[in-house]
Amino acid sequence: MATPTRQLSSFYLDNQIFGVDAHTVQEVIRYQEMTHVPLTADCISGLINLRGQIVTAIDLRKRLGMGPRPTDKRPMNVVIRTDEGAVSFLVDQIGEVIDVSADSFESPPETLRGASRDLVDGAYKLDKQLLLVLNTKEAIQVPVAI
Amino acid sequence: MGTDDSELLAEFVVESQEHLGDVETQLLTLESQGDAMDVALVNTVFRAVHSIKGAAGFLGLETLQGVAHRAEEILNKLRNRELSPTSLVINTLLKATDCLKDLLSSIENSNNQDTSALLHELELILSGDTPAAVPASDDSKGSKSDNGLSNEALREFLVESYDNIDQLERDLLALESDPTSESLVNGVFRSIHTIKGTAGFLGFGKLERITHVAENMLGDVRAGSLTMCPEIGSGLFSAIDAVKELLQAIENTGTEGDCDCESLAGALATLHQILMPFDVPSVEKRPKAKPENSPTAKKTPAAKTASKSSPPAKKARPAKAVKTTSSKVSLLASSNTTTALDANFDNAVLEVSSTFVEEPAVSQIAQATPAISTAMLETSSQNATLAPSSAPRSANAKTAEVSAADSSIRVDVALLDKLMTCVGELVLARNQILQFSSCSVESELHRTSQRLNLITSELQESVMKTRMQPIGNVWSKFPRLVRDLATICEKQVRIEMEGKETELDKTIIEAIKDPLTHLVRNTVDHGIERPEVRVANGKDAEGCLTLRAYHEGGRVNIEICDDGAGINIERVKNKALERGLMTQEQVARLSDRDAGNLIFLPGFSTAEKVSNVSGRGVGMDVVKTNIEKIGGTVDLQSQPGSGTVIRIKIPLTLAIIPALIVTCDENRYAIPQVNLLELVRLDGEQMRTGIEWIQSAPVYRLRGQLLPLVYLRDQLKIENKANSDALNIVVLRADDRQFGLVVDRINDSEEIVVKPLSKQLKNVPVYSGTTIMGDGRVALILDVLGLAHASSVISAGADRRVNESSDKSINIAEDRQTLLVVGVGANHRFAVPISQVTRLEKLEASKLEYAESQEVIQYRGEILPLLRMIDVLGCAPAHESDSDMLEVLVYIEQGRSVGIIVDKIIDIVQARLDKEAKSHTVGIVTSTVLQNHVTDVVDLPAILRQFDPDGSRFRLVN
């Protein structure tokens with residue numbers, strides 16, 4: 001019996017490879033000018049005009065509590081379709097679409113703490129590294145700013 | 001064929017297709033009219049088919065001509081009443097029109113088409129060999145439904161029937177209040193009849209059955225033998241409900257479902273029976289008679305002989321027959337028939353019921369065979385007079401409807417929404433182009449973009465209009481609602497509507513539907529008292545609920561008024577205390593108006609018992625939230641004992657709004673124009689002196705009134721910029737309060753397309769939406785109300801109406817008065833409210849005269865008595881003034897007047913008067929400090945009363 005496979009769109013954050021289900025990705029675009037939104041959580045970078053559609057950009061580094069992106073690097077937008085409209089994730093770099101098989105999956109260890117705890121569904125063991133599966137549903141639930 | 005020919009041909013096709021389009025509906029109308037068909041309408045159809053035939057012959061289109069010819073012949077027979085428009089006849093004619101359409105669409109090879117089958121069918125009808133000669137509607141119905149209905153026909157039927165039902169409800173309600181209105185009865189009858197007709201045609205037996213019973217009842221009402229009464233109304237309403245249910249079932253499943261209509265039909269028939277004391281059997285008979293009736297009774301030999309033989313056989317029968325039909329015109333005196341009935345009631349009943357099967361046939365036969373009995377003749381003549389009067393009227397109404405339908409089409413709302421989005425994008429693109437062209441020197445581009453600008457605006461306006469709907473669409477549900485509620489609550493409520501045609505965007509209509517329903521429901525349940533209470537209070541037993549809508553300043557006002565008991569302020573206050581929504585202290589400070597608005601607090605209810613009318617989920621707080629969500633406001637004013645007015649103000653549309661664009665920290669923000677009052681710019685010296693501080697709160701004096709200032713930078717937690725050359729204040733209104741929003745720069749006002757906030761931003765109260773600017777960047781729309789709350793201009797939630805500072809601000813507005821400051825004596829100042837001074841005059845001192853030791857002066861042809869303020873106030877006189885002119889304040893009050901001589905007019909100032917510091921001197925209201933001088937504020941009326949208590953001294957003398 002063939003093990004079920006899953007297609008993940010991968011991207012990098014601070015040299016760590018992450019993945020989201022490929023079918024949820026609407027498009028990938030390069031960095032866009034965006035409108036800053038005051039009074040919102042730090043991880044909300046702003047609003048992008050995506051051909052008339054207004055999309056909120058969430059900086060995944062900040063969302064995951066990672067260090068800031070080097071200033072000389074411009075992030076990329078991964079636009080995800082969600083039940084509440086499109087949302088853009090700002091990532092460092094785009095990777096390939098990867099087919100993974102279910103038997104290489106493992107849940108995150110109990111020792112994983114912090115923001116990643118809720119945001120990472122688990123990991124697929126690739127040959128050289130671990131691919132972390134982002135829980136997009138959680139990732140777009142941005143905490144209310146102070 | 002030459003070019004001319006092909007042009008002719010094209011013209012012919014277009015014209016014929018238009019003709020056929022109308023013909024279809026007209027045929028259906030004819031069918032629904034049945035034997036009472038409108039001959040004029042047949043003629044219209046005839047003419048249309050005839051001209052197709054003629055032109056087809058001319059153009060050598062033989063096949064077309066052949067079909068049109070046969071159809072025309074059938075129509076001719078219809079016209080001459082040699083055929084009746086049964087379903088089969090109409091069906092065949094419709095088939096013929098379909099065929100004609102097919103032929104027209106492929107006109108080039110129309111002559112090669114085979115139409116023999118259709119021609120044969122048409123021939124059959126013409127020759128009368130088919131069951132069509134017999135009105136076998138039942139059979140054709142069956143076959144029709146077996147054929148399966150095209151979805152489109154079904155949809156059309158549903159849409160039409162829903163429309164009819166709406167009309168029906170309205171008419172029926174109107175009829176209840178005006179039971180004698182013939183046109184209303186006819187309207188109701190027509191609507192029911194149309195549904196019945198089409199239902200029968202489409203093979204919906206239950207629908208037909210229920211409408212048939214209702215129609216019967218209405219038939220008698222129309223004839224005058226039944227008087228409209230609440231029972232009939234209720235019966236008919238339940239029938240309408242059943243029809244709605246059936247339509248719903250048809251819409252969902254394509255079939256009528258297993259809804260039990262038989263019991264309702266039976267109940268209605270019984271009701272009909274009870275209400276028709278004279279006509280007991282006819283009631284019982286009619287519903288039953290119908291099914292077996294139509295196929296058999298009309299012209300079968302048996303029926304003929306029976307009715308022919310009946311007159312000589314028994315006297316009672318024709319007499320009864322006369323009665324039943326004549327009752328329709330209510331002309332023939334019932335004396336002879338009733339005596340006959342009275343004399344032998346039981347007997348007559350039995351006889352009549354046995355002969356009743358023939359009754360519908362009677363008139364027909366009477367028409368066909370003139371010489372029967374005198375009684376019969378009378379019947380037919382009654383019928384003859386009746387027929388032309390009612391038939392054309394309904395026919396006219398029908399054609400009017402058709403032509404109205406021609407000038408409008410139904411469009412899917414989704415399509416309109418799409419269109420709206422597109423126009424929104426176009427508006428953005430337009431803005432972008434405009435911005436671009438303004439930077440360019442190219443004059444051609446300028447012109448084109450100006451044109452684009454105009455066209456876009458026009459397009460935008462038109463598209464907006466397509467989404468506009470009269471508020472009457474929502475209101476139309478209310479008469480029924482109120483009627484039902486009133487019955488449940490045992491109240492009498494009349495509903496009145498003003499401004500039904502006021503138009504609103506569809507989305508807003510949707511959004512206010514529920515809140516309005518709730519308010520209306522509440523009004524009937526709580527607002528209007530029971531009839532006995534009303535009468536005891538000297539009011540009409542019937543309460544009146546008025547719905548009013550009108551445009552005002554780019555917004556729509558909707559008022560829900562009642563003449564009920566009003567709100568019991570004490571009870572509301574107590575409830576608020578009881579539920580812990582407010583403290584004792586807060587409640588004590590409430591004004592009556594604010595207390596009335598407490599009912600909008602979440603968790604508030606004064607209902608001692610939860611009735612099944614109110615408390616069905618949406619509370620008043622939800623009403624308020626929902627209305628505020630669409631940018632509206634709700635206000636309640638109640639006059640204990642005489643009623644309540646709830647006023648809702650809502651914007652016309654939500655999709656595209658005019659807005660002011662401002663900049664703050666290089667980001668642009670849009671402020672909806674509806675909240676905008678004015679713009680103030682302070683620069684140079686003003687910038688430093690204009691802003692004053694009350695402790696930590698900055699204020700600006702706007703025409704003498706203090707305007708609290710809110711810095712947008714503070715609100716958005718953006719660092720303050722060091723120095724700017726000017727201060728821009730946007731004066732805004734939120735919930736009846738004003739405040740000034742300080743922004744970095746005021747850009748422009750622009751039409752913006754409102755887009756909703758994404759979920760991540762929804763919980764930030766100062767934004768209400770987003771939009772895309774001309775340059776493609778995203779801008780946030782500021783929520784003025786949210787901003788006001790966030791900056792505590794108005795405080796949130798329950799505290800909102802009792803906030804101390806807000807109370808004060810009202811008082812400030814109320815207590816502020818314009819005062820005239822005058823100088824008297826050496827160093828005495830006093831102030832008079834300017835409202836009390838009628839005129840200021842300079843009069844020559846030499847003109848002073850005396851009348852009965854009273855100083856007077858001739859003034860405008862009158863003798864004006866004079867008082868010296870020095871005497872009044874008893875202050876030290878000034879050094880003799882060398883001026884020979886007197887400064888006089890003229891005060892006139894109800895036929896008496898007095899001139900008050902003062903020494904100097906100093907100024908006019910605005911000041912707030914402290915009512916607490918009451919003065920003990922008569923005529924002096926209070927003392928206050930104005931312009932650094934202690935000033936007495938005097939009350940002229942009081943002074944007048946003091947010096948002239950009985951009103952004789954200062955009487956105005958002409």
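What share of the 958 residues in chain B is buried? The figure is 36%, where a residue counts as buried if 20 or more other C-beta atoms, placed from the backbone, lie within 10 Å of its own, as exposed if 12 or fewer do, and as partly exposed in between.

## Before you start

This is a predicted model, in which local features need a pLDDT of at least 70, side-chain atom pairs count only at pLDDT 80 or more, and totals for chains, interfaces and linings use all residues. Residues are numbered from 1 along each chain as its sequence is written, while chains are lettered from A and ligands numbered from 1 in the order in which they are written.

## How confident is the prediction?

The model scores ipTM 0.90 and pTM 0.44. Chain B has an average pLDDT (the predictor's confidence in each residue, from 0 to 100) of 72, and 74% of its residues score at least 70. Residues 131-148 of chain B have a pLDDT below 50, and this stretch has 35 contacts in the model beyond near neighbours in sequence. Here, two residues are in contact if their C-beta atoms, placed from the backbone, lie within 7 Å. Residues 796-814 of chain B also stay under 50, with 19 contacts beyond four places in sequence.

Chain A contains 3 helices and 11 strands. Helices (H or I, at least four residues) and strands (E, at least two) are DSSP runs, numbered from the N terminus. Along the sequence they follow the pattern β-β-β-β-β-α-β-β-β-β-α-β-β-α. Of the 146 residues in chain A, 36% are buried. Taking contacts in chain A between residues at least 6 apart in sequence, 56% join residues at least 24 apart.

## The sheet of chain A

Six strands of chain A make an open sheet with mixed pairing, in the order E8-E1-E2-E11-E10-E9; two strands pair if DSSP finds at least two bridges between them. Strand E8 (93-101) and strand E9 (105-106) of chain A are at the edges with a single partner strand each, so one side of each has no neighbour in the sheet.

Let's follow strand E1 (residues 5-13) of chain A, which pairs with E8(A) in the antiparallel sense over 7 bridges. E1(A) is also joined to E2(A) by 6 bridges, again antiparallel. A:Leu8 stands opposite A:Ile98 in E8(A) and opposite A:Asp21 in E2(A). E1(A) and E2(A) form a hairpin with 2 residues between them, and A:Asp14 in the turn has a positive phi of about 55°. Strand E2 (residues 16-21) of chain A runs parallel to strand E11 (residues 130-134) of chain A, with 3 bridges joining them. A:Gly19 has A:Val133 in E11(A) as its bridge partner.

## Where the chains meet

In all, 19 residues of chain A are in contact with 20 residues of chain B. On the side of chain A that touches chain B, strand E4 (44-50) and strand E5 (53-59) of chain A each supply at least two residues. E4(A) gives the most, with 4 residues. This side of chain A has 10 nonpolar, 7 polar and 2 charged residues, with Ala, Val, Leu, Ile, Met, Phe, Trp, Tyr, Cys and Pro counted as nonpolar, Asp, Glu, Lys and Arg as charged, and the others, Gly among them, as polar.

## A sheet and its helices in chain B

Chain B has 34 helices and 29 strands. Of its contacts between residues at least 6 apart in sequence, 67% join residues at least 24 apart. One open sheet of chain B has 5 strands in the order E2-E4-E5-E7-E6, with mixed pairing. Its edge strands, E2 (493-498) and E6 (633-639) of chain B, each pair on one side only. From one strand to the next, the twist averages 15°.

Helix H22 (residues 478-489) of chain B packs on this sheet, touching E2 and strand E4 (543-552) of chain B, and its direction makes about 165° with that of E2(B). Such axes are lines fitted to C-alpha atoms, for helices over the stretch in contact, and angles run from 0 to 180 degrees between N-to-C directions. Helix H23 (residues 506-527) of chain B lies across E2, E4, strand E5 (555-562) and E7 of chain B, at about 15° to E5(B). E6(B) runs antiparallel to strand E7 (residues 643-651) of chain B, joined by 7 bridges; there, B:Ser638 has B:Thr644 in E7(B) as its bridge partner.
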